[in-house]
Amino acid sequence: MKKTKNRWLIALSAVGIHISIGSVYAWSNFTTPLKDLFGWTDSEVALTFSIAILFLGLSAAFLGHFVEKYGPRKAGLLAAIFFGVGIMGSGLAVHLGSKYLLYFFYGALGGIGLGVGYIAPVSTLVKWFPDRRGLATGLAIMGFGFAAAIASPIMNMLIESVGVANTFYILGISYFLIMMLSSLYLEKPEEGWLPDGYKQKITSGKAKPNMDLSQLMANEAVKTKRFWYLWLMLFINVTCGIAILAVAKPLAMESIGIDMTAAAALVGAIGIFNGLGRIGWASFSDIIGRPATYTSFFVLQIVIFFFLPEVSIKWLFMGMLIIVYTCYGGGFSSIPAYIGDLFGTKQLGAIHGYILTAWAAAGLAGPLFAAWIKDTTGSYSGSLTFFSGLFVIAFFISLLIRVDINKLKRSNMGKNTPLENQVS
């Protein structure tokens, strides 16, 4: 009989992959060195990051079926190859002084590794943790959120000691090895597997079976209203959150009058809450349910984005930004569990990939809109008020999806179709 793997080591392997690919959020460490070396503009350097996020969304969407067909181990190894080659190739691009090669290696190839690496372990974890879906996905995606805090000092140290090109070579090899070793342990559980003691708890009534509202293929899921409700909710949450991430430093200087150094320290410190929000909100969603979690995101941020431009008290401003950062991270970590609740785990990786196109679209829309409002009005306050209005729309969508869920629950009555205990 085949020995069942330790699901917590599966979770650790997922964290290993996400900590590696999450280093993309530390891209700004290369901005000044590349500008100094080649005289490139901020926009030319920043385009590398934008291309990577774009390819993350596209590859997640188009290669989600690859993850389901070939399993998490092969998908993880594919991600390791693309991401490792992408980072190492960036070193070659710097040696040759070619920004177009940098766009190709870091942006396109690295972005493909990002997309596949993001969804492969997450879809697997949901299947290993039927009793704690939110916690499981939160653990992995927390690694993505914390990666920048881990990678930034290492990148700065390497750039100062060995130069930009060699930094890319070292990082590329390191991330490839971490992702490869992590991927080798990944595996789906056997059909019908349940964790020790969980079946007994269900039998004794101490736990409810965590079964799904439906079991749909990816191409079936995209034809439902609730898929597009999820897409829109994630798009709005990420658009507004990533806009704040992009302008947090100048926004803090403009609003509470601190200097550039203090603003940078503030952004770095509260960035930790991006990671904490991923594990915190996802775990909390196991208790209150995913619909209530998303409604909470939007209620909180409607108020915060509306009043933030008027806040001049430092501790209050910082507290409001912290809440926004946790909601931003929590939106990412709660969505895979929400997908499992609504569509089942049959093709969760592929459905998750389709949903992540909202991230790619938001990554372009949010920062560009915030910058346009700043250029047009001379202040960020106009964009924050607009984003508050977007959260009002998201709030109503979070109510509409409940209507759709309740209709499906009623239609399932009498069909012996088990209902998701979390969806309410």
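Reader: At what angle do helix 6 and helix 13 pack, and how far apart are their axes?

Author: In this predicted model, helix 6 (residues 133-162) and helix 13 (residues 314-343) pack at an angle of about 140 degrees, and their axes lie 8 Å apart.

Reader: Why is helix 6 called oblique to helix 13?

Author: Angles over 145 degrees count as roughly antiparallel and 65 to 115 as roughly perpendicular, with the rest, apart from those under 35, being oblique. The angle here is about 140 degrees, and therefore helix 6 is oblique to helix 13. The crossing of the two helices is right-handed.

Reader: Which residues of helix 6 meet helix 13?

Author: Arg133, Gly134, Thr137, Gly138 and Ile141 of helix 6 do so, and their partners in helix 13 are Phe332, Ser333, Pro336, Ala337, Gly340 and Asp341.

Reader: What makes helix 5 roughly antiparallel to helix 6?

Author: Helix 5 (residues 99-128) packs against helix 6 at about 155 degrees, with 8 Å between the axes. Because an angle over 145 degrees counts as roughly antiparallel, helix 5 is described in that way relative to helix 6. Helix 5 also passes helix 6 in a right-handed crossing.

Reader: Which residues meet in the contact of helix 5 with helix 6?

Author: Leu114, Tyr118, Val122, Leu125 and Val126 in helix 5 meet Arg133, Ala136, Thr137, Ala140, Ile141 and Phe144 in helix 6. This contact comprises nine nonpolar residues, one polar and one charged.

Reader: How many helices and strands does the protein chain have?

Author: The protein chain has 16 helices and zero strands. Of its 424 residues, 56% count as buried.

Terms used:
Residues numbered from 1 in each chain as written. Predicted model: local features only at pLDDT ≥ 70, side-chain atom pairs only at ≥ 80, totals over all residues. Heavy atoms only, no water. Helix = DSSP H or I, 4+ residues; strand = E, 2+ residues; numbered from the N terminus. Buried < 20%, exposed > 50% of the residue type's maximum accessible area, 1.4 Å probe, protein only. Axes fitted to C-alpha atoms, helices over the stretch in contact; angles between N-to-C directions. Left-handed = near helix turned anticlockwise from the far one by under 90°. Contact = heavy atoms within 4.5 Å. Nonpolar A, V, L, I, M, F, W, Y, C, P; charged D, E, K, R; others polar.
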